[in-house]
Amino acid sequence: MPPEFATLDSSRVPFSFELYPPRSASSEESLHETIHRLADAGPDFISVTYGAGGSTGGRSLEVLRFIRENTDVEPLAHLTCVGNTYAGAAALIREFLDAGILSFLALRGDPPAGRTEPFLGDPPAGRTEPFLGDLETSAQLVQLIGRVQAERVPYEETPIPGLPGAARITSRRHVNIAVAAFPNGHPRATHRTQDVEALLAKQAAGATFAITQLFFHSDDYSAFVERARAAGATIPILPGIMPITSPARLARVLELTGEDLPSELAIALEIEPTAEGRREIGIEWAARLTREVVAAGAPGVHLYAFNQHETVLTVLAEAGLLPALRS
């Protein structure tokens, strides 16, 4: 099992969080406070998004460095394929490795603004999409990450006490590479089994675990894991859980992911007149989902924090994975 899931307390359910780089200098300080509060909860890692077409690469690295230097939590860097060359991607991977980042999430990513993205596999009849970049799949990015690390640090040396200049050759710590999984299908997939096939390709390329896109019902996660295991997937598959606390956020994530409208949640959010009430609805839904996937055997949970700590920590507390929060 990858080290990010190892724990001395066998009763503890691992959890992790996703953040994005600050959009302005004024929001940087509040993000640092959020990082400290999330780190205090004891997550296995905190991931930081990269941005469409690499639009936030520099700021992503700054956040990752802050996590590494100011907390005991493993920072995990998002990397994307689309719009990048082999040379550019390799240089970026080396930059992250040089900063001490050894965990990655390899993604196809979104195209730069104003450009469209290719379908997975052969496009439907009559549809053509432009090729964007040298790396066509996240499986290729997984392989590139491993290759760049191997070329950069083929092994490590440990000094031998009492023998000046002598060193013992030891194996290096290999990178952890997460990949995306899609319980209800990728929006550009052309057939039902393609998502499991893609996951198997990523596993064969060297991925060490997967994180799912959001879903709204625990059966979606369980059924996908069952299909993946039957097809030969052995890596841990973490459920990605997003607290939806407003109709606007729900509409936005449905637009981005292509998920079907969860009518019960949508109606509850629409008829609730207060922001606090909508927040409670979103937290309760996410907490119930967390309890159900953990009961179904999930190896942990990954929560999308939207750069705020209160909501995701409350979800974990209500799911029974953290002590109740103090006011």
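1. A quick definition before anything else: a helix axis here is a line fitted to C-alpha atoms, over the stretch in contact, and angles between axes run from 0 to 180 degrees between N-to-C directions. Keep in mind too that this is a predicted model.

2. With that in hand, look at helix α5 (residues 194-205) and helix α6 (residues 218-231): their axes come within 10 Å and cross at roughly 55 degrees. That makes α5 oblique to α6. The crossing of these two helices is right-handed.

3. Who touches whom there? From α5 come V196, L199 and L200, and they meet F224, R227, A228 and A231 of α6. Sorted by class, the α5 contact with α6 holds 6 nonpolar residues, 1 charged residue and no polar ones.

4. Next, go to strand β11 (residues 301-304), which is covered on both faces. V301 and L303 are buried on one side, and H302 and Y304 are buried on the other.

5. What does β11 pair with? Strand β1 (residues 15-19) runs parallel to β11 and is joined to it by 4 bridges; F17 stands opposite L303 of β11. Strand β10 (residues 240-241) also runs parallel to β11, with 2 bridges between them, and here G240 stands opposite H302.

6. The loop between β11 and α10 deserves a careful look. F306 lies in this loop and has a positive phi of about 50 degrees, although it is not a glycine. N307 lies in the loop between β11 and α10 as well, and its phi is near 60 degrees, again positive in a residue other than glycine.

7. N307, at 15% relative accessibility, counts as buried. The cut-off that matters for this is 20%, since buried means under that value.

8. Finally, helix α10 (residues 310-318) is mostly covered, with 7 of its 9 residues buried. Those buried residues are T311, V312, L313, T314, V315, L316 and A317. Just after α10, G320 takes a positive phi of about 85 degrees.

Note on methods
Residues numbered from 1 in each chain as written. Predicted model: local features only at pLDDT ≥ 70, side-chain atom pairs only at ≥ 80, totals over all residues. Heavy atoms only, no water. Parallel < 35°, antiparallel > 145°, perpendicular 65-115°, else oblique. Left-handed = near helix turned anticlockwise from the far one by under 90°. Contact = heavy atoms within 4.5 Å. Nonpolar A, V, L, I, M, F, W, Y, C, P; charged D, E, K, R; others polar. Buried < 20%, exposed > 50% of the residue type's maximum accessible area, 1.4 Å probe, protein only. Pairing = 2+ DSSP bridges.
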